[in-house]
Structure formats: C-alpha cells, structure tokens
Amino acid sequence: MWSTPDWDWAAAMNDVDIDDETVHALQNLLHPGVPVDRQRRIDPPRRGRVD
C-alpha cells in the first residue's frame, strides 16, 4: 500500500508476491510523475515476507 498527495492506494494478488519493481511499474501506470509520500508492505497472513 502507498499514498500520494491526493490518494491512498493498495495492490494485492492471490498466491503470488508483488516485488518492488512491479509495484513501481504499477505506480507509474496509475499516477505517472506523482510522488509517493509513504509506502509499506503488508505481508500475507501466516506466511511472512518472501524474499
């Protein structure tokens, strides 16, 4: 999930992880040129972060 000056955003997928590169590409598609104010990753329940 992340925030821009005007919106709060979130993305999720079932049974796969979204890597940082994919998140940045999605952000550029959804709000090109708009800075991200804050961002955090929410790990799947009972699975933890997958690196």
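L26, L29 and L30 together make a nonpolar surface patch of about 290 Å². A patch here is built from residues with over 30% relative accessible area and no salt bridge, joining nonpolar side chains (Val, Leu, Ile, Met, Phe, Trp, Tyr) within 5 Å and like charges within 9 Å. The areas come from the Shrake-Rupley method with a 1.4 Å probe, and for residues only the protein chains shown count as cover. L26 sits in helix α1, which covers residues 20–30. With a relative accessibility of 30%, L26 counts as partly exposed; the classes are buried for under 20% relative accessible area, exposed for over 50%, and partly exposed in between (1.4 Å probe, protein chains only).

A word on the model before going further. It is a predicted model, in which local features need pLDDT of at least 70 and side-chain atom pairs count only at pLDDT 80 or more, while totals for chains, interfaces and linings use all residues. Residues are numbered from 1 along each chain as its sequence is written, and side-chain values use heavy atoms, with hydrogens and water left out.

Now step back to the whole chain. The protein has one helix and three strands, and along the sequence they follow the pattern β-β-α-β. These elements are DSSP runs numbered from the N terminus: helices are H or I with at least four residues, strands are E with at least two. Of the 51 residues in the protein, 12% are buried. The protein exposes about 4,400 Å², and carbon and sulfur atoms supply 52% of that area. Contacts (heavy atoms within 4.5 Å) also reach along the chain: among those between residues at least 6 apart in sequence, 59% join residues at least 24 apart.

The strands come next. Strands of a sheet pair through backbone hydrogen bonds, either parallel or antiparallel. In this protein, three strands form an open sheet in the order β2-β1-β3, with antiparallel pairing. β2 (8–9) and β3 (38–39) stand at the edges with a single partner strand each, so one side of each has no neighbour in the sheet. Strand β1 (residues 2–3) pairs with β3 in the antiparallel sense over two bridges; two strands count as paired if DSSP finds at least two bridges between them.

S3 is found in strand β1, where it stands opposite R38 in β3. Its 6% relative accessibility makes S3 buried. Leaving aside residues up to four places away in sequence, S3 touches D8, P35, V36, D37 and R38. With D8, the side chain of S3 makes a side-chain polar contact at 2.5 Å; such a contact is a pair of N or O atoms within 3.5 Å, where within protein one must be able to donate a hydrogen and the other to accept it, and residues adjacent in sequence count only if both atoms are side-chain atoms.

Which two side chains meet in a salt bridge? They are those of D8 and R38, at 3.7 Å, N to O. Because D8 lies in strand β2 and R38 in strand β3, the pair ties together parts that are 30 residues apart in sequence. A salt bridge means a side-chain nitrogen of Lys or Arg within 4 Å of a carboxyl oxygen of Asp or Glu, and a search of the whole structure finds one. D8 counts as exposed at 60% relative accessibility, and R38 counts as exposed at 54%.

Finally, look at the loop between β1 and β2, the place of D6.
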